[in-house]
Amino acid sequence: MDNMAGIMEERENECPGEQIRRGRTAVIFAGLGLLLLAVFSVSLLWGSANIPWRELAAEMGHAETRASGRWSEILINIRLPRVLLAALVGASLACAGACLQGVFRNPMADPYILGVSAGGAVGATISMAFRLDRHLPFLNPLTLFAFLGSFATAGIVYAFSLRNGRIQVTTLLLTGLALSALLSAIMSFIVVVSVVEDLAQTVYFWLLGGFYRAGWKEVGQVLPATLVGCLVIWFFSRELNAMVLGDETARSVGVDVERTKKWLLVAAALACASSVSVAGIIGFVGLITPHVVRLLIGPDHRVLVPASAIAGAIFMMGCDTIARSITPKTEIPVGILTAFLGVPFFLYLMKTSRNIYF
Amino acid sequence: MSAHIELNGVSAGYDGNPVIRDITFEVPYGDFLAILGPNASGKTTLLRTMARLLPPLAGSIHLGGRNLSRLSSRKIARIVALVPQEDHIGFDFTGLEIVAMGRYPYMQRLSPPGPDDWQRIEQAMRRTNTQHLRNRSVNAISGGERKRILLSRALAQEPEVLLLDEPTSNLDINYQKEILSLLRRLNDEHQLTVVLVIHDINLAALAAKRVLLLSGEGRLHSLGETETVLTEGALESVYGTEVHVETSPQTHRPHVTFELDE
């Protein structure tokens, strides 16, 4: 009985801390939700043509101008799909990043740095070069080939960086680097030998990354893969938590590590490839977002994965808004902007986290 | 009562090359067994095989009379807990979050820990005296504290058998004493069967009830009560160097010393 009383007492002592943590998580999610709405609204109105919201509201107020008015036309057919696409791509890349960082047990993993994005771009290039979209009417061949490219790259990087059951960080980053170089060479090669006319232009677009080709068709193309990829990653969040303690520990608590890793690499490749197929290679979103979210909310993947998805959407919509409104007349590819932000961040991580992660 | 763990002609290794060969022994319920042997004799391989992290190349392992290869990994995780030597944790999890991971084999996917889970987590932390580390990052605490958190995580699995790989490595004597005393207490008071791999013969002699000595070729050299196994003859033949074994007047346990080469 004494023992029971002790347990009850401790339960009472323990609860407040738990509640504080849960309360904090709820506040952070509410904050992220509000920020998402705010950035979404601003992204809709800002751009090469700033939409005056008073005139827009006036148009929306009349049945005959609701769908055909000048501003509502821009809003519905140009701005809205573009902003949604940016949000979906940002969420995908952030989830893929969180997933890869967990699987590789390293905060420097990112679909771009590991070459997974470049793999997707090569797959997409191949499907373009062989005009495979004409032969596969039911399935989007671009996304499928991008997925195959991303998955193959992720698998190769994983196989090469695994030594005696442990991931070697230097090998991981160097394999990613080497594969990225090889993959961009393959893309150039295909462009040179291909007879498809506008392939060079498309490949150039993929290499820089951006949303200026965004339309409702692209939104439809990316949505299912994003949803499936992110949900699968979230589904395995407890396994990801256990795997952060090492494969050995994860297996000893009953996690089927090999099967879990396969699923997670498939999901990360899917999320990443769907992004690449509509927006090209956008680096560092998957690096920065989970890292910052982890500082805010902790490393538990059950909350880290959904929070990263929201934060990735916010970050990507924000970057795209800046990319299309910072220069008059033209817009800069958003991949350039994320690289400007991401490379210093990567170097900072490398400098500060060596003691813990190497 | 039958043996808690029973190995029968077990060989195991990597890529088809056996590291340990033809090992047969039993671990009775409530045993505290130390596995000793020279470098590369397969101590860790033996432990990993007992945890079924490594499938045996030959032979069979029985756990409480049931064949280990027929049990699911979740089922095994409810009976056997392992504390690996590696204690690197990539991200800033809190002590509580780490210990809670020990509930994995009992929990349903995507559901939060229930009252019973929290009670077990609390109990595990109380037994290892780590409640104050609940909200601390595991990367901001000392090596001894991190070991205790990882031990808590293993206890949260409610195991019958605790396997530990070098639990005292990289720890100073204060923490060594703390960890080994804790293991002794768990063994005495909670009838936990403890099997540990350890480098330091004197620490093994202090803590363990029985000792298993592996020879350099990965074969079982001897197994039995600490005093009967840790003899000068056995140690010299296994380690290939001259040692002296005496009974410590303070602890009344065997104590191994050696002289440096001239």
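1. Two residues count as being in contact when their C-beta atoms, placed from the backbone, lie within 7 Å. On that basis, residues 24 or more positions apart make up 65% of the contacts in chain B with a separation of 6 or more.

2. The model is predicted: local features need pLDDT of at least 70, side-chain atom pairs count only at pLDDT 80 or more, and totals for chains, interfaces and linings use all residues. Residues are numbered from 1 along each chain as its sequence is written, while chains are lettered from A and ligands numbered from 1 in the order in which they are written.

3. Chain B has 262 residues and a radius of gyration (taken over C-alpha atoms) of 19 Å, which agrees with the value near 18 Å for a compact globule under the rule of 2.2 Å times the number of residues to the power 0.38. The C-alpha atoms of chain B fill a box of roughly 60 × 40 × 35 Å along the principal axes. Of the 262 residues, 45% are buried, a term that requires 20 or more other C-beta atoms within 10 Å of the residue's own, with C-beta atoms placed from the backbone.

4. Chain B contains 9 helices and 12 strands; these are DSSP runs numbered from the N terminus, helices being H or I of at least four residues and strands E of at least two.

5. Domain bounds, which come from an automatic or database domain assignment, divide chain B into domain 1 (1–79 + 159–230) and domain 2 (93–158). The centres of the two domains, taken over C-alpha atoms, are 23 Å apart. In chain B, 13 residues of domain 1 are in contact with 9 residues of domain 2. On the domain 1 side, helix 2 (73–77) and helix 6 (173–190) of chain B each give two or more residues, and helix 6 gives the most, with 5 residues.

6. Strand 6 (residues 80–83) of chain B is covered on both faces: Val80(B) and Leu82(B) are buried on one side, Ala81(B) and Val83(B) on the other. In a regular strand the side chains alternate between the two faces of the sheet. Strand 6 pairs in the parallel sense with strand 7 (residues 161–165) of chain B over 4 bridges, where pairing needs at least two DSSP bridges. Val80(B) stands opposite Val161(B) of strand 7.

7. The contact between the chains takes 26 residues from chain A and 27 residues from chain B. Helix 1 (2–45) of chain A is one of the elements that supply at least two residues to the chain A side, and helix 1 gives the most, with 5 residues.

Terms used. Buried ≥ 20, exposed ≤ 12 C-beta atoms within 10 Å, placed from the backbone.
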